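Please consult the sequence and structure below while reading.

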Amino acid sequence: MKPRDRLRIAMQKSGRLTEPALDLLNRCGLTFRQSRDKLFLFGEGEPVDLLLVRDDDIPGLIAQGVCDLGIVGRNVLSEYSFTDGREAGPLAEWRSLGFGRCRLSIAVPQEMNYEQPQQLAGLRIATSYPGLLRDWLRNQGVDAGVVTLAGSVEIAPRLGTADLICDLVQSGGTLVANQLREADVLLESEAVLAGPRTLPTDERGDMIELLLKRLDGVMQVRESRLLLLQTSRQHLDAVTRLLPGGPQPTLLPVAGQPDQLMLQALCAGEVSWRQLEEIKKAGAREMFVLPVEKMLA
Ligand code: ATP
Ligand code: MG
């Protein structure tokens, strides 16, 4: 293969991961223009190009060295590790990207009383993830039939080609529509940045390191929330103890009310209604949770 001096990232051409993946790369300061045949998005500033393909092809393209990195669901990446005759050693998950969240789950007919995997012995399970399913069945010590289907797995029980399924679930809506219910989870999935276990040592390796640093910055900001509230000196300890993780809060005086304090805290993740209610009970009021747009420490 010809040596390349530009970094090439494989991503889904058209599907659930396309828009959030592009949005994330844009936030990392990368912009692109499309090639005429729509196979590539060429980087305009940095030497980074995107190859637009079906998500199933992404791990193989990385393993063959056609692409340096890929943005793909953990479900597809993990299934690839069970592919017979795959091109190269195991791939690495360099970062999890926080979108495309779903679960690879066992779903059974609504009337089936599922309690444990051992009940699946002797049944036929339809899936597009035979590698992950067989591995899970083996770990559970269950001998069940695996029916591999490329798509429309959820209709297999109704058609009588399988007794139950193992498929991706997000909200569960598709399952309900097919009289199925989620019974067990094999894998928690989200989009990941996949690559070889060892990074190239040339300029592409430097570019990857730069990209990883920018990604970390973007992810940190994306997950951060600024919590603002008022409390009294008397309640300060109780309130501070309940604050979701993050650096020490900043305290500011409230004009004309010497007993009152304004508290500002950077939180590392979502702040739920329940957490807010608990903090309020401990003596806080006037609470605001704000998204953080940019951060420079
Ligand atoms: P392609 O044409 O690229 O093969 P696809 O139909 O396999 O597309 P999508 O349905 O776009 O793929 O899903 C891409 C990824 O999105 C999945 O592999 C999974 O990681 C993630 N995902 C999140 N929620 C769901 C869901 N409810 N159903 C399927 N995939 C989901
Ligand atoms: Mg696919």
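**Ligand 1 and its surroundings**

In this predicted model, a polar side-chain atom of Q12 is placed 2.9 Å from an oxygen atom of ligand 1.

Ligand contacts
- D56 also brings a polar side-chain atom to an oxygen atom of ligand 1, at 2.7 Å.
- For R16 the polar atom belongs to the backbone, and it lies 2.9 Å from an oxygen atom of ligand 1.
- Taken on its own, ligand 1 has 620 Å² of accessible area, of which the protein covers 77%.
- Around ligand 1 there are 15 residues, and those that come nearest are Q12, R54, D55, D56 and N75.

Residue D55
- D55 sits in the loop that runs between strand 4 (48–53) and helix 2 (58–63).
- Although D55 is buried, it has no salt bridge; R54, the nearest side chain of opposite charge, is 5.2 Å away, and a salt bridge would require the charged atoms to lie within 4 Å.
- Beyond its neighbours within four places in sequence, D55 is in contact with Q12, V72 and V76.

Helix 4
- Helix 4 spans residues 130–140, and its buried residues are P130, G131, L132, L133, W136 and L137.
- The cover over these buried residues includes helix 3 (74–80) together with strand 7 (102–109), strand 8 (124–127), strand 9 (145–148), strand 10 (164–169) and strand 11 (180–189).

Methods. Residues numbered from 1 in each chain as written. Chains lettered and ligands numbered in written order. Predicted model: local features only at pLDDT ≥ 70, side-chain atom pairs only at ≥ 80, totals over all residues. Heavy atoms only, no water. Helix = DSSP H or I, 4+ residues; strand = E, 2+ residues; numbered from the N terminus. Buried < 20%, exposed > 50% of the residue type's maximum accessible area, 1.4 Å probe, protein only. Lys, Arg positive; Asp, Glu negative; His and termini not counted. Contact = heavy atoms within 4.5 Å. Near = heavy atom within 4 Å. Polar contact = N/O pair within 3.5 Å; in protein donor to acceptor, adjacent residues only side chain to side chain. Areas by Shrake-Rupley, 256 points an atom, 1.4 Å probe, with all protein chains shown as cover.
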